[in-house]
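Biologist: I want to go through this protein and its ligand residue by residue. Can you show me the model?

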Amino acid sequence: MSIPGDALLCYCRPGFEPELAGELSERAALAGHPGYARTERNSGYVEFLGADAGALTRALPFQSLIFARQKLVRIAELRGLDPKDRITPILRTLVITLSNAYTFGELWVEHPDSDEAKPLAGLARSFGNALRPVLRKGGWLTGVDDPRRSRLHVVFLAGDHVLLAIGEAGDSAPWPLGIPRLRMHADAPSRSALKLEEALMVLLSEKERERLFREGMRGADLGASPGGWSWVLMRQGLRVISIDNGPLQEKLLESGRVEHLREDGFHWQPRTPLDWMVCDMVEQPRRVAERMATWLREGWCRHTIFNLKLPMKKRWDETRLCLDLFEKQAEKTVQLRARQLYHDREEITVFATTTSLSRP
Ligand SMILES: C[S@@+](CC[C@H](N)C(=O)[O-])C[C@H]1O[C@@H](n2cnc3c(N)ncnc32)[C@H](O)[C@@H]1O
């Protein structure tokens, strides 16, 4: 079925709209489907308009996007809605744009993750409860939620202003607002643990996690103190060498699975090849990218997850530059995935492997 719609609608971390707009514009142009981005600073979303939304969404798969938390295809924008009846114009719009050809698997009523839109959360929840049975009755929605089908998104920008959009299963984030909800474990040495946990969830499929993490594998954690990332690796069954001048949580050391070396993460190298290396050192991103590439080039590890801190102004330019540098200097075929995670602040997280993986 051809994809209806007039634009892409992507969510991002508020403040990173220029990076997402830059990424979408550049990638779409490279794919031969130029378009233009429309956004406002700190709004938490970018609309990307082009001649053919179907071609755009195929050219920009969600998994390939770095600064997008969510990717949807926008089908309509409704302004000036009457608070007494928002449902009728939405139904009318669905008939006009989709001509009854869709049965969605789920309805998600959302709002961007911005300070301005967060107060709309209550309205989104109650409106969802009112709209859902009406959509089911009209055949727009399956009787029970079916995550394998496309989702209908109703995105509140204001009480009288909504965007209607479609989230394709497999080409969008499977979490409302594009935010995976993770709870901090009581034993975790730091909140940073959530970053690596999210990276494993977002950058790898369940099958890949099973394949790439096995009991008894060995890994290094560069910039490990106080030990959040080492703790996550340990819970995946790894024995970990944690590199940092700073202290590690006592309990982690007592586990007997973690060895602490007070060394410089930019100079230390393992005596024998490891399975994994992770790195959360706060340093210039180019320097980190070069060091990570050295690890893969020299075969010191097969898989890596690392952070690139982006405190500078031109963050999309720096991201592209660092990833190009990394790929070039690795001097071998590397599969690379990168994303600004929900738990990332001014940074992105990168997964790279020399093992061949096919995306699910
Ligand atoms: C953001 S913290 C890491 C937090 C850690 N990932 C966790 O989950 O608890 C960054 C760490 O990098 C360390 N670091 C910075 N430069 C380093 C270097 N050249 N060698 C080793 N560690 C370094 C710092 O000491 C600091 O502890």
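Biologist: Which residues does Ser-192 touch, not counting residues up to four places away in sequence?

Modeller: First, this is a predicted model: local features need pLDDT of at least 70, side-chain atom pairs count only at pLDDT 80 or more, and totals for chains, interfaces and linings use all residues. Residues are numbered from 1 along each chain as its sequence is written, and side-chain values use heavy atoms, with hydrogens and water left out. Contact means heavy atoms within 4.5 Å. By that rule, Ser-192 touches Trp-229 and Asp-280.

Biologist: Is Ser-192 buried, partly exposed or exposed?

Modeller: Ser-192 sits in the loop between β7 (161-167) and α5 (193-203). Helices (H or I, at least four residues) and strands (E, at least two) are DSSP runs, numbered from the N terminus. Buried means under 20% relative accessible area, exposed over 50%, and partly exposed in between (1.4 Å probe, protein chains only). Ser-192 has 27% relative accessibility, so it counts as partly exposed.

Biologist: Which residues does the UniProt annotation "binding site" cover?

Modeller: The annotation comes from an unreviewed entry. UniProt positions are given in the numbering used here, feature names are shortened, and annotations may be inferred rather than shown by experiment. The record covers Ser-192, Ser-225, Pro-226, Gly-227, Gly-228, Asp-244, Asp-264 and Asp-280.

Biologist: Which residues come nearest to the ligand?

Modeller: A residue is near a molecule if one of its heavy atoms lies within 4 Å of it. There are 17 residues around the ligand. The nearest are Ser-190, Asp-244, Asp-264, Gly-265 and Asp-280.

Biologist: Which side chain has an N or O atom 2.8 Å from a nitrogen atom of the ligand?

Modeller: A polar contact is a pair of N or O atoms within 3.5 Å; within protein, one must be able to donate a hydrogen and the other to accept it, and residues adjacent in sequence count only if both atoms are side-chain atoms. A ligand oxygen is 2.8 Å from an N or O atom in the side chain of Ser-190. For the ligand nitrogen, the side chain is that of Asp-264.

Biologist: How many charged residues are in the shell around the ligand?

Modeller: Ala, Val, Leu, Ile, Met, Phe, Trp, Tyr, Cys and Pro count as nonpolar, Asp, Glu, Lys and Arg as charged, and the others, Gly among them, as polar. The shell has 6 nonpolar and 7 polar residues. Its charged residues number 4.

Biologist: What kind of peptide bond joins Ser-225 and Pro-226?

Modeller: Most peptide bonds are trans. Pro-226 is in the loop between β8 and α7. Omega between Ser-225 and Pro-226 is about 0 degrees, and the bond is cis.

Biologist: Where does UniProt place the feature "active site", and which side chain makes a polar contact with that residue's side chain?

Modeller: The unreviewed entry puts the feature at Lys-309, in strand β12 (residues 303-309). Lys-309 counts as buried because its relative accessibility is 13%. Residues it touches include Lys-195, Glu-283 and Glu-346. The polar contact, at 2.8 Å, is with the side chain of Asp-280.

Biologist: Which side chain makes a polar contact with the side chain of Arg-69?

Modeller: Arg-69 is in the loop between α2 (53-59) and β4 (70-78). Its relative accessible area is 5%, so Arg-69 is buried. Among the residues Arg-69 touches are Tyr-11, Leu-177 and Tyr-342. The side-chain polar contact, at 2.9 Å, is with Asp-113.

Biologist: What is phi of Leu-177?

Modeller: Most residues other than glycine have a negative phi. Leu-177 lies in the loop between β7 and α5, and is buried because its relative accessible area is 12%. Its phi is positive, near 65 degrees.
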